[in-house]
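This report examines how the parts of one protein chain pack against one another. Please look over the sequence and the structure before reading on.

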Amino acid sequence: AERVGDPLRVSRQALARWEGIGDVRSTAVARNGLGGVLVQQNRPQEALPYLISALEIAVKNRAQPVEVESLRLLAEAYTQSSDTVRALEYLRRYHKRQAELYNAESARRMAELKSRFDSQRQEQEIVRIISLPSETVQRIWQSSAMPRMPGVPGQVAECLVAPANDAQQIA
């Protein structure tokens, strides 16, 4: 089996590469990675400068997932350093930002699901109308009882009558 190598060396190399490229978000991720390795090795004083700078970069660039990870690692580093006041401060910030990030992501996913559902409902309604006999479609349209389809322009809905008529004439 291939050996990955020393995590500290690999993390330092990754950080140097991202800094060399100038990708600030990836640099913040790499700083968190290096800080995290140092925390795992119980070297919190060495980890803190990397984690603090990762947090600053993440906040400045609105990289919320990176920010959340920075806060978690900072809480852990300060816990190892026996600085319970700062550890608690970062832990509270971590939980607050994590909840905000989760709520924002949940709201985005709910909106996406609603949009998909509405689109599918509109497509089903169009298919239903097209499959009706042309006389029925005309009667519904003329009586204004035809269901309005949110997001479907009136001209599109009116065009549904013509395909229904064509289908009837072909049959």
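## Leu38 in helix 2

Leu38 has its place in helix 2; helices (H or I, at least four residues) are DSSP runs, numbered from the N terminus. The model is a predicted one, in which local features need pLDDT of at least 70 and side-chain atom pairs count only at pLDDT 80 or more, while totals for chains, interfaces and linings use all residues. Residues are numbered from 1 along each chain as its sequence is written, and side-chain values use heavy atoms, with hydrogens and water left out.

Is Leu38 buried or exposed? Leu38 counts as buried because its relative accessibility is 0%; buried means under 20% relative accessible area, exposed over 50% and partly exposed in between, with a 1.4 Å probe and protein chains only. Leaving aside neighbours within four places in sequence, Leu38 is in contact with Leu8, Arg43, Pro44, Glu46, Ala47 and Tyr50, where contact means heavy atoms within 4.5 Å. The C-alpha atoms of Leu38 and Ser11 are 9.8 Å apart, although 27 residues separate the two along the chain.

## Helix 2 against helix 4

The axes of helix 2 and helix 4 come within 10 Å and cross at roughly 25°. Axes are lines fitted to C-alpha atoms, for helices over the stretch in contact, and angles run from 0 to 180 degrees between N-to-C directions. Helix 2 is therefore roughly parallel to helix 4, a term for angles under 35 degrees.

Helix 2 contributes Ala28, Val29, Asn32, Gly36 and Val39 to the contact, and helix 4 contributes Val66, Glu69, Ser70, Leu73, Glu76, Ala77 and Gln80.

## Helix 4 and its cover

The buried residues of helix 4 include Val68, Leu71, Leu74 and Tyr78. Among the elements that cover the buried residues of helix 4 are helix 2, helix 3 and helix 5. After helix 4 comes Ser82, whose phi is positive, near 65°.

## The nonpolar core

A nonpolar core is a set of buried Ala, Val, Leu, Ile, Met, Phe, Trp, Tyr and Cys residues joined through side-chain atoms within 4.5 Å. The largest one has 21 residues, of which Leu51, Leu74, Tyr78 and Tyr90 touch the most other members. Helices 1 (7-21), 2 (24-40), 3 (44-60), 4 (64-80) and 5 (84-131) each supply at least two residues of this core. Helix 4 gives the largest share, seven residues.

Leaving aside neighbours within four places in sequence, the contacts of Leu51 include Gly35, Val39, Leu73 and Ala77.

Note on methods: Angles under 35 degrees count as roughly parallel, over 145 as roughly antiparallel, 65 to 115 as roughly perpendicular and the rest as oblique.
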